[in-house]
Amino acid sequence: QLQLVESGGGSVQSGGSLRLSCAASGGTTSSYCMGWFRQAPGKEREGVATINSYGATTYTNSVKGRFTISRDNAKNTLYLQMNSLKPDDTAMYYCAVAGGSCYSRYNYWGQGTQVTVSS
């Protein structure tokens, strides 16, 4: 079974940057869409960004121009570069692997990494 482990979270000041990583093991992810999701306390989980097997990306409007999703298939790793961070970005961030396209169900999830942005 595929295992996903996020890392790179932390506490930063508003305007700062973080790079999240998601290391996959137990199988290759190269043929599948991968995505980053986040959930803040008291709020529903939301999709942040996706990248498909061809490298095409999507972003939720609130992070466009600030976040960049990428993948390194040789390392079986997904990344999220987060720049110009805002307090509203504070959340637990999760990576996930879809069963097919980016719009199909996400079958595998990591444990999450906390991102906290202070004013």
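A disulfide is a pair of cysteine sulfur atoms within 2.5 Å. By this rule the structure has two disulfides. When the bonded cysteines of the protein chain are numbered in sequence order, they pair as 1-3, 2-4.

This is a predicted model, in which local features need pLDDT of at least 70 and side-chain atom pairs count only at pLDDT 80 or more, while totals for chains, interfaces and linings use all residues. Residues are numbered from 1 along each chain as its sequence is written, and side-chain values use heavy atoms, with hydrogens and water left out.

## Disulfides

The table gives the two disulfides.

| Cysteines | S to S distance | Angle about the S-S bond |
|---|---|---|
| Cysteine 22 and cysteine 95 | 1.9 Å | 55°, right-handed |
| Cysteine 33 and cysteine 102 | 2.0 Å | 100°, right-handed |

Helices (H or I, at least four residues) and strands (E, at least two) are DSSP runs, numbered from the N terminus.

## Salt bridges

A salt bridge is a side-chain nitrogen of Lys or Arg within 4 Å of a carboxyl oxygen of Asp or Glu. How many salt bridges does a search of the whole structure find? The search finds three, and Arg38, Glu46, Arg66 and Asp89 are linked in a network of salt bridges.

Arginine 38 takes part in a salt bridge with glutamate 46, with the closest N and O atoms 2.7 Å apart. Arginine 38 is buried, at a relative accessible area of 5%, whereas glutamate 46 is partly exposed at 31%.

Arginine 38 also forms a salt bridge with aspartate 89, and here the closest N and O atoms are 2.9 Å apart. Because arginine 38 lies in strand β4 (residues 34-39) and aspartate 89 in the loop between β8 (77-82) and β9 (91-98), this pair ties together parts that are 51 residues apart in sequence. Aspartate 89 is buried, with a relative accessible area of 2%.

Aspartate 89 meets arginine 66 in a further salt bridge, at 2.8 Å from N to O. This pair links distant parts of the chain: arginine 66 is in the loop between β6 (57-59) and β7 (67-72), aspartate 89 is in the loop between β8 and β9, and the two are 23 residues apart. Arginine 66 is buried, at 10% relative accessibility.

## Aromatic rings

A pair of aromatic rings is described by the distance of the centres and the angle of the planes. Rings of Phe, Tyr and Trp (its six-membered ring) pair if their centres lie within 6.5 Å; planes under 30 degrees apart count as stacked, over 60 as edge-to-face and the rest as tilted. The count by this rule is three aromatic pairs.

One of these is the edge-to-face pair of phenylalanine 37 and tyrosine 106, with 5.0 Å centre to centre and 80° between the planes. Phenylalanine 37 lies in strand β4 and tyrosine 106 in strand β10 (residues 106-109), so the pair ties together parts that are 69 residues apart in sequence. Phenylalanine 37 is buried at 12% relative accessibility, and tyrosine 106 is buried at 17%. Ring pairs link Phe37, Tyr106 and Trp109 into a cluster.

The ring of phenylalanine 37 also has a charge over it: the charged end of arginine 45 sits 5.9 Å from the ring centre. A charge sits over a ring if NZ of Lys or CZ of Arg is within 6 Å of the ring centre and within 35 degrees of the ring normal.

## Positive phi angles

Asparagine 76 is not a glycine, yet its phi is positive, near 55°. Asparagine 76 lies in the loop between β7 and β8 and is buried, at 13% relative accessibility.

Serine 84, also not a glycine, has a positive phi of about 50°. Serine 84 lies in the loop between β8 and β9 and is partly exposed, at 41% relative accessibility.

Terms used. Buried < 20%, exposed > 50% of the residue type's maximum accessible area, 1.4 Å probe, protein only.
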